[in-house]
Amino acid sequence: MPVVRTLSKVAKQAAAAPGGPACGCRPLAAMAVRGISFSPRQVTSDASFHSVSFSETDHPKVLITGEWAKPDGRPAGSCRYCFPKQFGKNNVILSDIRKPSSDVFHSGPFIYSDILDYKNLREIVVNNRITWLVHYSALLSAVGEANVALARSVNITGLHNILDIAAEHGLRLFVPSTIGAFGPTSPRNPTPDLCVQRPRTIYGVSKVHAELMGEYYHHRYGLDFRCLRYPGIISADSMPGGGTTDYAVQIFHDAIKTGKFECVLRPDTRLPMMYIDDCLRATLEMLEAPADALGMRTYNINAMSFTPEELVQELRKHMPELQVSYKVDPVRQAIADSWPMDFDDSNAKRDWAWKHEYDLPELVQTMLNFLSGETRMARVS
């Protein structure tokens, strides 16, 4: 950093002059050190960073990446409702590289943000005085396997930009992880927080990378990094986005529209699942938890675990005529077979009192009520 060295040299010469600086000002070196910030791309080996503190009465200023495209599943899309309600409409900025829909645009501040553009991200953080960064931009499992190069760029290179900017500006950073961060050699029933992780998808590999890099930045630079491993997330307000667990969303749409559903997984494929409201509440609770309450940086969270056949049986209590067939997609099935069947989330329950509210019967009833209401409104329109 030749500029800093030059400023320091000039300051030392000024301070060494008889009587010190002629203007009576503070030595330039003191001002230069405080006035220039660095990212981990530039820091010396003994540097460290710490989260910016703010008054208990102040709300954080939150930037959410990947809001409109919702590439990391339904949680990102639903954040536009719960985060502004929690922190104030003008304190939550939604961002993406795509033009937002009308409801997203009018739900609060929205800006263009490309996570692969380091300068653009840095300007957004500085200009908007961001204190918390919630990073949802990523390519899902099946989509990532179809375009590994793009997944590597978005999920890994983009993450590096996010980590550096969060550390540079002392942000609290939340990055979601996934059941896909585990592999066939991991314990599957249940899967603990700490165990062997050897995922077989670029999505899973990128999420393990995110977990480890976040933990490294926490210990190396003092970054307040927080991460939750989401199970399959089920939501009624958006369509499936290319994930292996998306059958559990698609089945509700097809059941209401046609009374028929073709499942891409075997009927006995057990996976951990969660309703969106529980997911969002867990995310907020973890973000707001005191730093000294967190015994680790990455936690499993869970609500229920079921198979396609069990979901169909619960649905048939409400829709007895539902017809279901199975046409197994070998790619998605192989992914599902390498994932946990159930999550052990005892550490989250212990450290920050996590507790889910929706089990399978409540999930099915809620989804049917929401989507049936939407269908009736569409017919009236």
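Student: Where does Thr245 lie?

Tutor: Thr245 is in the loop between β8 (232-234) and α9 (247-257).

Student: And which residues is Thr245 in contact with, leaving aside its neighbours within four places in sequence?

Tutor: Those are Ile179, Gly232, Ile233, Leu271, Met273 and Trp339.

Student: OK, zooming out. How many helices and strands does the chain have?

Tutor: There are 14 helices and 13 strands. The chain has 381 residues, and 50% of them count as buried. Take the contacts between residues at least 6 apart in sequence: 79% of those join residues at least 24 apart.

Student: Switching to aromatics. How many aromatic pairs does a search of the whole structure find?

Tutor: It finds 10 aromatic pairs. Take Phe174 and Tyr230: their ring centres are 6.4 Å apart and the planes sit at 40 degrees, so this pair is tilted.

Student: Why tilted?

Tutor: Because planes under 30 degrees apart would count as stacked and over 60 as edge-to-face, and the planes of Phe174 and Tyr230 are at 40 degrees.

Student: Which strands are Phe174 and Tyr230 in?

Tutor: Phe174 is in strand β5 (residues 172-174) and Tyr230 is in strand β7 (residues 224-230). The two are 56 residues apart, so the pair links distant parts of the chain.

Student: Is Phe174 buried or exposed?

Tutor: Phe174 is buried, with a relative accessible area of 0%. Tyr230 counts as buried too, at 4% relative accessibility.

Student: Got another pair, say Tyr216 and Tyr217? What type is it?

Tutor: Tyr216 and Tyr217 make an edge-to-face pair, because their planes are at 70 degrees, with the ring centres 6.1 Å apart. Tyr217 is buried at 8% relative accessible area, whereas Tyr216 counts as partly exposed at 42% relative accessibility.

Student: Next, α12. Which of its residues are buried?

Tutor: In helix α12 (residues 330-337), the buried ones are Gln333, Ile335 and Ala336. They cover an arc of only 160 degrees around the axis, so they are on the same side of α12.

Student: What covers the buried residues of α12?

Tutor: The cover includes α6 (141-146) and β10 (271-275).

Student: And what caps the N-terminal end of α12?

Tutor: Asp329 does: one of its side-chain oxygens lies 3.0 Å from the backbone nitrogen of Val331.

Student: Last topic, confidence. What pLDDT does the chain average?

Tutor: The chain averages 83, and 78% of the residues score at least 70.

Student: Where does pLDDT stay under 50?

Tutor: One stretch is residues 45-57, for which the model has 25 contacts beyond four places in sequence. Another is residues 68-73, with 28 such contacts in the model.

Student: What should I do with those contacts?

Tutor: Where pLDDT is low, the predicted coordinates should not be read in detail.

Key
Residues numbered from 1 in each chain as written. Predicted model: local features only at pLDDT ≥ 70, side-chain atom pairs only at ≥ 80, totals over all residues. Heavy atoms only, no water. Phe/Tyr/Trp six-rings, centres within 6.5 Å; stacked < 30°, edge-to-face > 60°. Helix = DSSP H or I, 4+ residues; strand = E, 2+ residues; numbered from the N terminus. Buried < 20%, exposed > 50% of the residue type's maximum accessible area, 1.4 Å probe, protein only. pLDDT = per-residue confidence, 0-100. Contact = heavy atoms within 4.5 Å. Arc of directions from axis to C-beta. Polar contact = N/O pair within 3.5 Å; in protein donor to acceptor, adjacent residues only side chain to side chain.
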